Amino acid sequence: MKSIALLGPRFFRRFPCFCPFSMLFSTESSEGGEMDDGFIRLDNGSEMDDVFMRIENDVPMGDGFMRVEKPLREAWGLSNLDTVSDNGSGSSSSARKSYFDNARLDAGRVLEVLQQHSPGFNTIAALDELQIRVSGALVREVLLEILKRVNYANRERCAKLGYKFFVWSGQHENYRHTVNAYHLIMKIFAESDEFKAMWRLVDEMTEQGFPITARTFQILICTCGEAGLARRVVERFLKSKNFNYRPFKHSYNAILLCLLGLKQYKLVEWVHQRMLLKDHSPDILTYNIVMCAKYRLGKLDEFHRLLEELDTNGFSPDFHTFNILLRLLGKGNKPLAALDLLNHMREVGFDPSVLHFTTLIDGLSRAGNLDACKYFFDEMIKLGCMPDVACYTVMITGYVVAGELERAQGLFEEMTVRGQLPNVFTYNSMIRGLCMADKFEEACSMLEEMESRGCNPNFLVYNTLVGNLRNAGKLKEAHEVIRHMVDKGQYIHLISKLKRYRRC
């Protein structure tokens, strides 16, 4: 049987880097606070703390541990997106396209009516006069657009209009609200601080026979957590008989995984303690989640104890357990121990994947050991495990941070030759590196290049380029980049966040 024995006490004797854990990471807080992201060494902390906030899928990097948490959540299908299911979409792709195009057009007409809402205007009658077919796609389009428009000034109006449309659409024959529709109106209420209305919707979902899912919990805990009600929300879900926690073993794992995704690490600890008090046995998923939380809180001694407990209870490490351990070894600058662990993985039947190597390389890069990064990068290719865009981006980022622009450029060219198209975060790293080398014309050209390749810059890219141009005293060039962004109609609502920006 595949045993975790080597990862228990014997594992620690074999790999002394784990003993003691408290000495492994000198940059982490002993008070359980946020950990150093490993990149502020770029410029002694001056305006560089946001250098590489995101690395893939628009997820904040923080200290890079998202590379461990994100696959853990995705493996169980826990997504932040509400999908739409509508039987009227047709069977062919052209029919589906026409169906959703019509839904978007009808949504525009609905929104025009809703915008006219006032004390003397009969909104319901005006909606009826449109004589449109109500469908899941239409409801989704309208509610998503209202959600996008919510701000502090109009939140009360948006909540009223959203609910008015929700009630009106739900009264039509041949249409019934889906769980996703309920989640969208709940999110509108959440943005509008309508907490009681959110809970009424949960009760209504139960009355209508809809399952209360992990996504429902995620929306509620994210909002109510800010209002100091997080524990009460958790307790209600733990007691609920309508909570559909499949495919998890029990409701505790579903809740733990949601809390991990929402960075509610102390609540993860609390729920884990409640789980043990109720005599629910943890499984490998439980251990992985709680170990992630312990790491995030800087409680490395407790992490160590959980790993030993994992072995004692007869569990074998899985894909994610190994990923967590490689993250620790990389961040702790222990390449030899990491190599031993990779060999051990093969011995017990786990072939390291590109994710495992990327996680390790990312950690080593943050520890400043670029030689080890290059070794494992080459090693993975020798083993037939080809690097993907995320792996190349991590390597390029490491070289940029170290001021080795030529090596970063070499990898940038190599990835395109190998068919790995750079993403927005790869370009952001390269633009940052060019700016650090005072190659501002090339940095601006790279912005044009990424657009010509169909890779749309996000706000981080614009902020990177504008910030560096301003720091170099190139105010005219910085304003040209801002004008370009505004002309494209992108991120206009975020212009005020560009450092020291003044409208011309």
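Is D438 buried, partly exposed or exposed? D438 is exposed, its relative accessible area being 59%, where buried means under 20%, exposed over 50% and partly exposed in between, with a 1.4 Å probe and protein chains only. The model is predicted, so that local features need pLDDT of at least 70 and side-chain atom pairs count only at pLDDT 80 or more, while totals for chains, interfaces and linings use all residues. Residues are numbered from 1 along each chain as its sequence is written, and side-chain values use heavy atoms, with hydrogens and water left out.

**The chain overall**

- The chain has 24 helices and four strands, where helices (H or I, at least four residues) and strands (E, at least two) are DSSP runs numbered from the N terminus.
- Of its 504 residues, 53% count as buried.
- Among contacts in the chain with a separation of 6 or more, 66% come from residues 24 or more positions apart, a contact being heavy atoms within 4.5 Å.

- Helix α20 (residues 405-417) and helix α21 (residues 424-436) have axes that come within 10 Å and cross at roughly 150°; axes are lines fitted to C-alpha atoms, for helices over the stretch in contact, and angles run from 0 to 180 degrees between N-to-C directions.
- The helices α20 and α21 are therefore roughly antiparallel to each other, on a scale where angles under 35 degrees count as roughly parallel, over 145 as roughly antiparallel, 65 to 115 as roughly perpendicular and the rest as oblique.
- In this pair, L405, A408, Q409, F412 and M415 of α20 meet T426, Y427, M430, G433 and L434 of α21.
- The residues of that contact of α20 with α21 divide into seven nonpolar, three polar and no charged, with Ala, Val, Leu, Ile, Met, Phe, Trp, Tyr, Cys and Pro counted as nonpolar, Asp, Glu, Lys and Arg as charged, and the others, Gly among them, as polar.
- The axes of α21 and α22 come within 8 Å and cross at roughly 165°, and these two helices are therefore also roughly antiparallel to each other.
- The contact of α21 with α22 is made by V424, Y427, M430, I431, L434 and C435 of α21 and by F440, E442, A443, M446, L447, E449 and M450 of α22.
- By class, the contact of α21 with α22 has 11 nonpolar, no polar and two charged residues.

**Helix α8**

- The 13 residues of helix α8 (residues 195-207) should span 18 Å at 1.5 Å a residue, and the end C-alpha atoms are 19 Å apart, which agrees; the expected span is 1.5 Å times one less than the number of residues.
- Within α8, the residues A197, M198, W199, L201, V202 and M205 are buried.

**Loop residues**

- Most residues other than glycine have a negative phi.
- D438, in the loop between α21 and α22 (440-452), has a positive phi of about 60° although it is not a glycine.
- N333, in the loop between α15 (319-331) and α16 (335-347), also has a positive phi, near 55°, and N333 is partly exposed, with a relative accessible area of 33%.
- P317 is found in the loop between α14 (300-312) and α15, where P317 is buried, with a relative accessible area of 6%.
- P317 and L307 are 10 residues apart along the chain, and their C-alpha atoms are separated by 9.4 Å.
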